[in-house]
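Here is a short briefing on one protein model. Look over the sequence and the structure, then read the points below.

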Amino acid sequence: PIYRMFQQRGLLNTYEALIIPYNAFALPLAIWILTSFFRSIPAELEDASRIDGSTRLGALFRVILPLSLPGLFTTAILVFIAAWNEFLFALTLTSSIDHQTIPVGIALLPAMYHVPWGNIAAASTLVTLPLVVMVLILQRWIVQGIVAGALASTLRVVVSMGTGGGNSSCNGFNGGAWGGARCRRWKRRPAAVCATKPFSGSIR
């Protein structure tokens with residue numbers, strides 16, 4: 001059906017023939033990854049920024065986006081790898097060398113009676129170089145993006161247990177699971193965090 005659709009609209013053997021399906025299939029992956037990552041960011045951070053006088057758009061650019069950079073870089077790497085290594089659409093929807101991708105070009109290198117193994121090996125090595133360079137440059141954000149969701153979920157559970165409920169604010173503190181919590185403020189963070197540590201005295 002996709003081939004017939006592109007054939008009727010005259011899009012075969014064009015860059016649009018690859019751009020449209022790549023975006024269509026990469027968009028669900030990106031939305032799925034980013035949705036789970038954005039859900040792991042505590043909403044209290046945005047609320048604290050709004051209390052400090054920031055607008056909703058300002059909270060997005062000053063608080064949410066800086067915290068979501070690891071997830072954005074991780075998603076960009078995964079989408080780029082999926083599009084870079086895609087083979088079926090590039091083989092089906094393009095026929096000229098000018099529009100075919102590198103995986104298709106490598107697959108079409110063997111002739112009828114001769115297989116140029118040296119050329120195939122060299123081309124395969126060159127194809128992987130951009131991926132290796134990109135991962136080496138962005139590896140810090142990739143690692144942060146992988147572990148950020150788990151860390152944020154763990155923090156949210158600790159905060160909830162420390163306050164004796166779902167409210168992560170220290171106002172109206174009612175004891176918590178361990179009989180008390182010491183509220184501290186993260187450096188350069190707009191929200192208070194309750195570390196589960198028993199103590200006697202007033203909450204600072």
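Contacts come first. Take the contacts in the protein between residues at least 6 apart in sequence: 51% of them join residues at least 24 apart. Keep in mind that this is a predicted model.

**Overall make-up**
- The protein has seven helices and two strands.
- Along the sequence, the elements run in the pattern α-α-α-α-α-α-α-β-β.

**Burial and surface**
- The protein has 204 residues, and 29% of them are buried.
- Its accessible surface is about 13,500 Å².
- Carbon and sulfur atoms account for 66% of that surface.

**How H3 packs on H4**
- Helix H3 covers residues 43-51, and helix H4 covers residues 56-84.
- The two helices pack at an angle of about 140 degrees, and their axes lie 9 Å apart.
- Is that angle oblique or roughly antiparallel? Roughly antiparallel needs an angle over 145 degrees, so H3 is oblique to H4.
- The crossing of H3 past H4 is right-handed.

**Residues where H3 and H4 meet**
- Which residues of H3 meet H4? They are Leu45, Glu46, Ser49 and Arg50.
- On the H4 side, the contact involves Arg56, Ala59, Val63, Ile64 and Leu67.
- By type, the residues of this contact are five nonpolar, one polar and three charged.

Key. Residues are numbered from 1 along each chain as its sequence is written. This is a predicted model: local features need pLDDT of at least 70, side-chain atom pairs count only at pLDDT 80 or more; totals for chains, interfaces and linings use all residues. Side-chain values use heavy atoms; hydrogens and water are left out. Helices (H or I, at least four residues) and strands (E, at least two) are DSSP runs, numbered from the N terminus. Buried means under 20% relative accessible area, exposed over 50%, partly exposed in between (1.4 Å probe, protein chains only). Contact means heavy atoms within 4.5 Å. Accessible areas come from the Shrake-Rupley method with a 1.4 Å probe; for residues, only the protein chains shown count as cover. Axes are lines fitted to C-alpha atoms, for helices over the stretch in contact, and angles run from 0 to 180 degrees between N-to-C directions. Angles under 35 degrees count as roughly parallel, over 145 as roughly antiparallel, 65 to 115 as roughly perpendicular and the rest as oblique. A crossing is left-handed if the near helix is turned anticlockwise from the far one by less than a right angle, and right-handed if clockwise. Ala, Val, Leu, Ile, Met, Phe, Trp, Tyr, Cys and Pro count as nonpolar, Asp, Glu, Lys and Arg as charged, and the others, Gly among them, as polar.
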